[in-house]
Amino acid sequence: MTDDPEERTVVVVGAGIAGLRAALDLHHRGIDVLVLEAAPRVGGRVLTETTALGSRVDLGGQWIGKGHHRFAALAAEHGAQVYAMETPRMPRLADGPRTIGLTSPTVVLAGAALAAWEVLVRAGGPHVGRDALVSDLLRRVPGRARRLLRVLFEIASTADPERLTLRDFAAAVRTMDGLSTAMTTRGGAQDSLVVDGAGTLAIRMAERLGERVRTESAVLAIHRDEQGATVHTATGTVRCRRVVVTAPPPVAAAIGHRPALPTERLRAERGTYMGSVYKALAVYERPFWRERGHAEMIAIDAPGVGVFDTSPPTADGPGHLCLLVGGTDARTLDELSPADRRDALLGRLAHHLGDGVRSPASWHEKSWHLDEYVGGGYLALPDPAAGAMPFPLGHAPAGTVHWAGTETAGEHAGYIEGALESGERVAEEVASALR
C-alpha cells in the first residue's frame, strides 16, 4: 500500500445493477470511473447460478414486468433471450393439502380487502393514515382471509406488516403502478424472464468495465471537500472529484463520512431496514407438473410460499420451480439445514404437483436477509420507529457525494428497473456536475 492516493475522476460504491449502470454511462461519456464492491462478486441483489442440468437460475431479482423498458433494453443490448413466464390466469391457492376455491369466503373476503387497499394506495395523501400499520388493516379481516393477505403482502414486499405503515406501503406500491400490477404475473410486475439469468447481465456489464471494477474492496470512509473526496478502503485510498454511493442505505450506514452527512441522508441510512426474503429454485429434468395443470401457487400454511413456473422456453425441459418466502415467515427457515428446508418446502407441494416434486435434480437457495453485503431485499423500507420520511428515498447530493439505488427510483422501486433508472439519473447528475 502506497502513501499517495490513487487518482480517479469518479468512484462508484457498489457493483449492483445501479452502480454498474451508472459506471457504464459515465464511461461511455469518456469519464474516468472506478467501481468499488465489498462483496467477492458483482450483481448486488441479482445472482445467477448454473444448475446440475446446465440451465441458469436467478436467486435474486429476475422479472421484467409491465413498464420495465430499461430492463428489456438492457437484455436486448446484451443479446439476451427474454421469454414470457408460464402462468395461468389465476394462481392456485392452497392451505395444506386443501385447495381454496375461488368462490370460497376466504377468497371473497381477501379480494374485497385487496380492492379496498387498491383504493387506499391510489388515493394516497390524507386518505392514508400516517401512523397506521399494515397489520392494523390485516386485523380487520376475519378468518383465513387474513392469513392469505398476510402471505401475499410478505411475499410482495418482504416487510413485516408490523413494521410498515400504510403510508409507506402505499407510496412504495404507487411506484409499481398500483397494487394489482405489483401482485400480478402475466401483464404485471412478474411477466417475463431472461433465459441466462438477470445476474448474467450484471456480469456482462462488469466485463465491459474490465479492471475498472474491483470486488472485495469495501469502502470504510468518505471524506469530502469542495474539490472532491477521498475514499478510504482497507487496502488504500482513492482521490476523486465525485463519489456515487449505490449500496442499500442500511448497508451504506457502515461507511464513515467527514463532514457528517446531511440530516435527510442520515435518516435514510439509520431509519430504514432491509426486508426479509428467502428464495429457492428446484430444478427437474422436465416440467412434469404441466401434465396435470399449472404450478403457480400461493400456499398459506406456514411458512407461506409463492410458487412460480420459471422453466426456460424449451420443449424438452428442464423444469424450474421458483419458491419465494417473505417477511416473518422467511426468518422461520433460518435455523433449518438446507436439506430440511428443501424437504419441508417441496414435500408440502407434492399433493398439488405430484410426488416427483420431492426429488429435484438440483436445489438452489438464498436467504437474502443473511447476506452481509446486501442485508435483505427487495429494497430498504422506512422503519416506523424513525418517523415519517419520503418514499422513494431522497437523493439530493451531499456536496461531492451522490446517491443511487432502487430505493431512490421514481418508478418501480425495488425492481431491477428501478435500479437502472437510478443509475441513469445519477450518471447524468454527476456528468453535469463535472462540466
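How many cavities of 30 Å³ or more does the count come to? The count comes to 1 cavity. A cavity here is a set of points on a 1 Å grid over the protein atoms alone, where a 1.4 Å probe fits but cannot get out. Before going on, keep in mind that this is a predicted model, in which local features need pLDDT of at least 70 and side-chain atom pairs count only at pLDDT 80 or more, while totals for chains, interfaces and linings use all residues. Residues are numbered from 1 along each chain as its sequence is written, and side-chain values use heavy atoms, with hydrogens and water left out.

The largest cavity has a volume of about 40 Å³, a volume being the space filled by probe spheres set on the grid points, which are joined across faces, edges and corners. Around the largest cavity you'll find A94, G96, M297, A299, D301, R348, L349 and H352 (lining residues have an atom within 4 Å of a point). That lining divides into 4 nonpolar, 2 polar and 2 charged residues. Here Ala, Val, Leu, Ile, Met, Phe, Trp, Tyr, Cys and Pro count as nonpolar, Asp, Glu, Lys and Arg as charged, and the others, Gly among them, as polar.

A94 also turns up in a sheet: its bridge partner in β8 is T99. Strands β7 (residues 92-95) and β8 pair in the antiparallel sense over 2 bridges. (Strands are DSSP runs of E with at least two residues, helices are runs of H or I with at least four, and both are numbered from the N terminus; two strands pair if DSSP finds at least two bridges between them.) They belong to an open sheet of 7 strands with mixed pairing, in the order β8-β7-β18-β19-β20-β17-β21. β8 (98-99) and β21 (362-367) stand at the edges with a single partner strand each, so one side of each has no neighbour in the sheet.

Helices sit against these strands. Helix α5 (residues 143-157) lies across β7, β18 (297-299), β19 (305-309) and β20 (319-326), running at about 120° to β18. Angles run from 0 to 180 degrees between N-to-C directions, with axes fitted to C-alpha atoms, for helices over the stretch in contact. Helix α12 (residues 338-347) touches β17 (277-284), β20 and β21, where contact means heavy atoms within 4.5 Å.

Now for another open sheet, this one of 5 strands, again with mixed pairing: β1-β13-β12-β11-β15. Its edges are β1 and β15 (256-258), each with a single partner strand, so one side of each is left without a neighbour in the sheet. β1 (residues 6-7) pairs with β13 (residues 237-240) in the parallel sense over 2 bridges, and E7 has R239 as its bridge partner. A hairpin through 3 residues joins β12 to β13, and these strands pair in the antiparallel sense over 4 bridges. Over at β15, H223 stands opposite R258.

Last stop: which helix packs with α1? Helix α1 (residues 17-28) packs with α8 (residues 198-209) at an angle of about 35°, with their axes 10 Å apart. Among the residues that meet there are L20 and L24 in α1, and M205 and L209 in α8. By class, this contact has 8 nonpolar, 2 polar and 2 charged residues.

Notes:
1 Å grid on protein atoms, 1.4 Å probe; cavity = no way out; pocket = protein on both sides within 12 Å on 5 of 7 lines; lining within 4 Å.
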